[in-house]
2 protein chains.
Amino acid sequence: MRKLIFGGANSLDNFFARKDGSVDWLLFNDEVAEVMKGSFDNVDIVLLGRKTFEVALKHGGGKSQAMPGITSYVFSRTWKESPDPNAQLVTTDAVEFVRALKAQSGKNIILMGGGDFARTLFEADLIDEIGFNIHPVLLGSGIPIFFEMSRQIDLQLIECKTFKTGCVLVRYAVKHR
Amino acid sequence: MRKLIFGGANSLDNFFARKDGSVDWLLFNDEVAEVMKGSFDNVDIVLLGRKTFEVALKHGGGKSQAMPGITSYVFSRTWKESPDPNAQLVTTDAVEFVRALKAQSGKNIILMGGGDFARTLFEADLIDEIGFNIHPVLLGSGIPIFFEMSRQIDLQLIECKTFKTGCVLVRYAVKHR
């Protein structure tokens, strides 16, 4: 079965953006580019919560970029139509939708962005792998990656490597119940 | 000048204890014992916030252990006397007290426990180094290591190593303003 992978870049205090959504603190280099390319090579679906999507649109000048071979879904219970031709809107139950996606054959699925939507999928035990590029900074405030959850999620370390930027990449498999 | 070091064990979602203060999820082995011994070899003062101290006392059956060669200070504005003979109570301004301690000659100073007291010392730019043993678990809830701060703290990665337990040890120098 295809894997659902949650991840991104974070600060050591676990924010993935400042409160206004800005990510000016991100450290990018050739090592990160290589890891990102590797991550997306085996992916054909990207999932975004409504809040993450709004932040992404805002910082992309109101537009997203089409990613060849990748279908993007944005989840919202209130929107009537997608504000972006490159993202399909899902208004039905997210857990059931994602469970059905995972049961289809295909490549892996990446969940991008923040905690509210991720929490729902963690609690439904649908996330198989997580990976973070921990940046050498305490932002002090921002949009959190992890929200409080009703239960503990046990992890198994798959990989840990450091970049020249001082970032630490960690990857874990989620131990399913 | 002696360094003020903040650190401990945390979950990937940055709790250092469950909400009731329990740390049953900690993974201990010979590698961790060696790192902890190394950390304390060059330390002669331990600082604890009142909340952390209460949690420690509760889980130590109401008693602490004297650490030879180490002076412990617990900070509280409300207590009249220390509940423990092994910890000296500080009721005066914590920032001024810690600044004076750092100006004395001596070994390094370790700040243990949680976020509220650490935030005060971060914001006063008194913390020189941080180190965490990141455990492979999302606790979902608990006592947070980091509290929201009024400013960003830039870090420089000093060390990153993995343990057989799947824990990741990270150490950073704080870039002072």
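**Figure 1. B:Val74 and its bridge partner in β5(B).** In β5(B), B:Leu89 is the bridge partner of B:Val74. This is a predicted model: local features need pLDDT of at least 70, side-chain atom pairs count only at pLDDT 80 or more, and totals for chains, interfaces and linings use all residues. Residues are numbered from 1 along each chain as its sequence is written, while chains are lettered from A and ligands numbered from 1 in the order in which they are written. Strand β4 of chain B covers residues 71-75. β4(B) pairs with β5(B) in the parallel sense, over four bridges. Strands (E, at least two residues) and helices (H or I, at least four) are DSSP runs, numbered from the N terminus. Two strands pair if DSSP finds at least two bridges between them.

**Figure 2. An open sheet of nine strands with members from chains A and B.** The order is β8(A)-β10(B)-β11(B)-β7(B)-β1(B)-β6(B)-β3(B)-β4(B)-β5(B). Pairing is mixed. β8 (137-138) of chain A and β5 (87-90) of chain B stand at the edges. Each has a single partner strand, so one side of each is left without a neighbour in the sheet. Strands of a sheet pair through backbone hydrogen bonds, either parallel or antiparallel.

**Figure 3. β10 of chain A beside β8(B).** Strand β10 of chain A spans residues 153-162. Two bridges join β10(A) to β8(B), and the strands run antiparallel. A:Asp154 stands opposite B:Val137 in β8(B).

**Figure 4. The side of chain B that touches chain A.** Contacts (C-beta atoms, placed from the backbone, within 7 Å) link 26 residues of chain B with 26 residues of chain A. In chain B, β8 (137-138), β10 (153-162) and β11 (168-174) each supply at least two residues of this side. β10(B) gives the most, with seven residues. By residue class, the side of chain B that touches chain A divides into 14 nonpolar, eight polar and four charged. Ala, Val, Leu, Ile, Met, Phe, Trp, Tyr, Cys and Pro count as nonpolar, Asp, Glu, Lys and Arg as charged, and the others, Gly among them, as polar.

Figure 5. A:Asn14 is found in the loop between β1 (4-11) and β2 (15-17) of chain A. A:Asn14 has a positive phi of about 65 degrees, although it is not a glycine. A:Asn14 is buried, with 22 other C-beta atoms within 10 Å. A residue is buried if 20 or more other C-beta atoms lie within 10 Å of its own, exposed if 12 or fewer, and partly exposed in between, with C-beta atoms placed from the backbone. B:Asn14 sits in the loop between β1 (4-11) and β2 (15-17) of chain B. The phi of B:Asn14 is positive, about 65 degrees, and B:Asn14 is not a glycine. B:Asn14 is buried, with 22 other C-beta atoms within 10 Å.

**Figure 6. A:Ile5 in strand β1 of chain A.** With 21 C-beta neighbours inside 10 Å, A:Ile5 counts as buried. Leaving out residues up to four places away in sequence, A:Ile5 touches A:Asn108, A:Ile109, A:Ile110, A:Leu111, A:Asp128, A:Glu129 and A:Gly131. A:Ser72 is 67 residues from A:Ile5 along the chain, and their C-alpha atoms are separated by 14 Å. Buried residues make up 36% of the 177 residues in chain A. Chain A has four helices and eleven strands.

Technical notes:
Two residues are in contact if their C-beta atoms, placed from the backbone, lie within 7 Å.
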